[in-house]
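Me: Can you walk me through this one? I'd like to go contact by contact.

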Amino acid sequence: ARGNHARTSVGSGGYRPAKLVSIDDVTTGPDDYQGRHTIIVTITWVNQSEANEPLSNAAKLTVTQDGSQLEMNYYTEPPLPQGYENMSFSRSVQPGVLAKATVSYVVEDPGQPVTVRLSSTYGGNDMVTKKMTPRKVE
């Protein structure tokens with residue numbers, strides 16, 4: 001079939017979505033070892049570079065509540081919260097591959113909205129911002 005070539009190539013022929021990332025969900029997590037509340041941010045993204053790269057290199061992630069930047073959290077004790085993948089934010093992904101990353105933060109009040117902002121380090125104005133109240137997960 002002539003003329004049936006898909007035009008999705010980006011350098012190495014990877015898939016190029018309209019957006020670099022989507023902020024899929026923000027859920028409550030278990031309290032940390034100091035008894036502080038936590039949340040889990042779930043992000044879907046595509047590596048648009050030419051090399052294997054983690055999301056932590058591809059984008060700057062900031063999460064705020066009431067104007068204060070939240071501190072990143074790491075769950076160290078099993079069992080890990082459902083849907084949370086340890087170190088997925090810093091795991092390398094091949095070019096053009098669609099991947100999911102989960103990142104946890106310490107939060108003052110899990111009942112109040114947080115603002116999640118992801119900005120591309122590739123240049124340009126690629127930025128995704130979403131304000132949402134963490135969905136309660138038992």
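Me: Which residues are linked in a network of salt bridges?
Reply: Asp32, Arg36 and Glu71. Keep in mind that this is a predicted model.

Me: What is the distance for Arg36 and Glu71 in there?
Reply: Their side chains meet in a salt bridge at 3.4 Å, N to O. Arg36 lies in the loop between strand 1 and strand 2, and Glu71 in the loop between strand 4 and strand 5, so the pair ties together parts that are 35 residues apart in sequence.

Me: Arg36 and Glu71: what are their relative accessibilities?
Reply: Arg36 is at 27%, which counts as partly exposed. Glu71 is at 46% and also counts as partly exposed.

Me: How many salt bridges does the structure hold?
Reply: 5. One of them joins the side chains of Arg135 and Asp25, at 2.5 Å from N to O. Arg135 lies in the segment after strand 8 (127–132) and Asp25 lies in strand 1, so this pair ties together parts 110 residues apart in sequence.

Me: And Asp25, buried or exposed?
Reply: Buried, at 18% relative accessibility. The cut-off for buried is under 20%.

Me: Which residue does Glu85 meet in a salt bridge?
Reply: Arg91. The N to O distance there is 2.8 Å. Glu85 is partly exposed at 40% relative accessible area, and Arg91 is partly exposed at 37%.

Me: Switching to rings. How many aromatic pairs?
Reply: The structure holds 1. Tyr75 and Tyr84 form that pair.

Me: What's the geometry of Tyr75 and Tyr84?
Reply: Edge-to-face. The centres are 4.8 Å apart, with 90° between the planes.

Me: Are those two tyrosines buried or exposed?
Reply: Tyr75 is buried, with a relative accessible area of 8%. Tyr84 is buried too, at 7%.

Me: How many bridges between strand 1 and strand 2?
Reply: 8, in the antiparallel sense. Strand 2 covers residues 37–46. Ile23 stands opposite Ile43 of strand 2.

Me: How do strands of a sheet pair in general?
Reply: Through backbone hydrogen bonds, either parallel or antiparallel.

Me: What about strand 3, how many of its residues are buried?
Reply: 6 of its 7, so by the cut-off of under 20% relative accessible area the strand is mostly covered. Strand 3 spans residues 59–65.

Me: Which way do strand 3 and strand 7 run?
Reply: Antiparallel, joined by 6 bridges. Strand 7 is residues 114–120. Val63 has Val116 as its bridge partner in strand 7.

Me: And how many bridges between strand 3 and strand 4?
Reply: 2, again in the antiparallel sense. Strand 4 is residues 68–69. The bridge partner of Thr64 in strand 4 is Gln69.

Me: What do strand 3 and strand 4 form?
Reply: A hairpin, with 2 residues between the strands. Asp66 sits in the turn.

Me: What is the phi of Asp66?
Reply: Positive, about 55°.

Conventions:
Residues numbered from 1 in each chain as written. Predicted model: local features only at pLDDT ≥ 70, side-chain atom pairs only at ≥ 80, totals over all residues. Heavy atoms only, no water. Buried < 20%, exposed > 50% of the residue type's maximum accessible area, 1.4 Å probe, protein only. Helix = DSSP H or I, 4+ residues; strand = E, 2+ residues; numbered from the N terminus. Pairing = 2+ DSSP bridges. Phe/Tyr/Trp six-rings, centres within 6.5 Å; stacked < 30°, edge-to-face > 60°. Salt bridge = Lys/Arg side-chain N within 4 Å of Asp/Glu carboxyl O.
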